[in-house]
Amino acid sequence: MLLEPKREVAVELVVPRDAGGVEVFRAYRVQHNNSRGPFKGGLRFHPNVDLDDVRSLASLMTWKTALMDLPFGGAKGGVQLDPHKLSERELEILTRKLVQGIKDVIGPAEDIPAPDMNTSGREMAWIFDEYSKFKGYSPGVVTGKPVHLHGSVGREAATGRGCAFGIREILKAMGYGKMSDHTFVFQGFGNVGAWASEIVHDMGGKVVAIADEHSATTNPKGLDIPALRRHAGEGHLLEAFAGGQALAKESILQVPCSILVPAALGGVITPDVARSLDCKIVVEAANGPTLPAADKILQDRGVMVLPDIYSNGGGVTVSFFEWVQNLQNFKWDEEEVNRKLERKMGAAFESLWQIHREMDVPLRTAAFVKAVGRVARAERFRGFD
Ligand SMILES: NC(=O)C1=CN([C@@H]2O[C@H](COP(=O)(O)OP(=O)(O)OC[C@H]3O[C@@H](n4cnc5c(N)ncnc54)[C@H](OP(=O)(O)O)[C@@H]3O)[C@@H](O)[C@H]2O)C=CC1
Ligand SMILES: O=C(O)CCC(=O)C(=O)O
């Protein structure tokens, strides 16, 4: 039951191009499980998107919402495209057509999309607007909306902030000292990588290298992350940052550090990478960055892995806070959101660390023991109907 998704929807999106003619894109929404609450999960725009990829990301969402103890199930959506090749107008048409295609299977009590790779508040605002045309005013149909359009303060930074809280937890649990005792390397400088590295930097951590899809920069004395964010925000390549030296982006996962944070694509830690990386802890800010065969190698090498369904669980946690605020037509302030997020990250870590110690299993197994147990219990209570 838990291996297969409950529902899979594939739609064809026909988009008139600015230059004339039309182009056809494939889009998917996979709804894995809703025994604990409405389906929940992001929507990504990326050339690598296919049904199989979206299926596995949807199931990760089921385990993530269960581990974080949120009243949601798991889903994921994706459109196979390179968004950098479409204009804003074309992307808006595509997003609205996607809503037209899936409007009957999403909804505030049914399935609630959110941002993921290459989507942000802009796309979420289009989804809210398009869905509301068909079904009436429905801010709770999507989370990660702009703060001035029913979004929650703190959601944009939430995945990165949650990741930084998670790092603090594992350092404490392992007796590894403070953030300031450690060096960090990030792959990915988008929503998750930029916020996580900035918050780690604010907490005293020394970020020694960062890569994105185009280039990389390094500084053994520590990068000035706010300055690097301003530099990237002005459209410059990371490798051109004056406060660092250019680095081959392909070598980012081999840069020596205490904590390596993959925050971009899945499947980047292959067996070869696992044999060659030089860190004590891998913190999976991305979804599915470690291949199963690589996981085993890391375990044998004594490299601790803080699994994705915990490390990036801060995003969906604040999505839950946004949804709750939307349902109540109420707004919390940022301090309250961040405090509640910190508490959730702490409680989830405690439960997975306890299982890790009592059952003597890796943290990933511990996270799944907790999550699968909660989902299975909900299925049993509901009577498999
Ligand atoms: N956004 C969220 O709230 C959540 C996201 N996640 C996961 O976090 C990861 C990142 O998502 P998010 O930050 O939102 O996505 P973004 O689209 O905001 O950023 C993605 C980043 O990854 C970089 N990137 C892409 N391909 C490569 C590559 N081959 N090598 C190095 N860097 C690369 C991009 O580089 P460039 O800018 O040059 O294109 C960009 O910096 C994904 O796995 C996502 O599923 C998980 C939970 C919640
Ligand atoms: O905020 C959400 O609902 C989900 C974000 C997401 O896609 C993820 O956690 O992988």
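How many nonpolar, polar and charged residues make up the shell around ligand 2?

1. Ligand 2. Its shell has two nonpolar, eight polar and three charged residues (Ala, Val, Leu, Ile, Met, Phe, Trp, Tyr, Cys and Pro count as nonpolar, Asp, Glu, Lys and Arg as charged, and the others, Gly among them, as polar). There are 13 residues around ligand 2, and Gly 42, Ala 114, Asp 116, Val 316 and Ser 319 come nearest; a residue is near a molecule or strand if its C-beta atom, placed from the backbone, lies within 6 Å of it. Strand E3 (39–46) and helix H10 (313–328) are the elements that give two or more residues to this shell. Helices (H or I, at least four residues) and strands (E, at least two) are DSSP runs, numbered from the N terminus.

2. Ground rules. Please keep in mind that this is a predicted model, where local features need pLDDT of at least 70 and side-chain atom pairs count only at pLDDT 80 or more, while totals for chains, interfaces and linings use all residues. Residues are numbered from 1 along each chain as its sequence is written, and chains are lettered from A and ligands numbered from 1 in the order in which they are written.

3. Ligand 1. This ligand is surrounded by 25 residues, and the closest are Gly 190, Glu 213, Ala 264, Ala 286 and Gly 315. By class, its shell divides into ten nonpolar, eleven polar and four charged residues. Helix H5 gives the most, with three residues. Domain 1 (7–151) and domain 2 (156–311) each supply at least three residues to the shell around ligand 1.

4. Domains. The protein chain is assigned domain 1 (7–151) and domain 2 (156–311), with bounds that come from an automatic or database domain assignment. Taken over C-alpha atoms, the centres of the two domains are 27 Å apart. Eight residues of domain 1 are in contact with six residues of domain 2, contact being C-beta atoms, placed from the backbone, within 7 Å. On the domain 1 side, H1 provides the largest share, six residues. That side divides into five nonpolar, two polar and one charged residue.

5. The five-stranded sheet. This open sheet has the order E1-E2-E4-E3-E5, with mixed pairing; two strands pair if DSSP finds at least two bridges between them. Strand E1 (7–16) and strand E5 (111–115) are the edges, each with a single partner strand, so one side of each has no neighbour in the sheet. Neighbouring strands are turned by 20° against each other on average, direction ignored. Ten bridges link E1 and strand E2 (residues 22–33) in the antiparallel sense, and Glu 12 stands opposite Arg 26 in E2.

6. The seven-stranded sheet. Another open sheet runs E9-E8-E7-E6-E10-E11-E12, and its pairing is mixed. Strand E9 (245–247) and strand E12 (304–306) are its edge strands, pairing on one side only. From one strand to the next, the twist averages 25°. Strand E7 (residues 206–211) and strand E8 (residues 216–218) run antiparallel and are joined by three bridges; Ala 209 has Thr 218 in E8 as its bridge partner. Helix H5 (residues 191–202) lies across strand E6 (183–187), E7 and strand E10 (259–262), at about 165° to E7.

7. H1 against H12. The axes of helix H1 (residues 51–67) and helix H12 (residues 363–382) come within 8 Å and cross at roughly 90°. Axes are lines fitted to C-alpha atoms, for helices over the stretch in contact, and angles run from 0 to 180 degrees between N-to-C directions. H1 and H12 are therefore roughly perpendicular (65 to 115 degrees; under 35 is roughly parallel, over 145 roughly antiparallel, and the rest oblique). In H1, Thr 62, Trp 63, Ala 66 and Leu 67 meet residues of H12 including Phe 368, Lys 370 and Arg 374. The contact has eight nonpolar, one polar and two charged residues.

Key. Contact = placed C-beta atoms within 7 Å.
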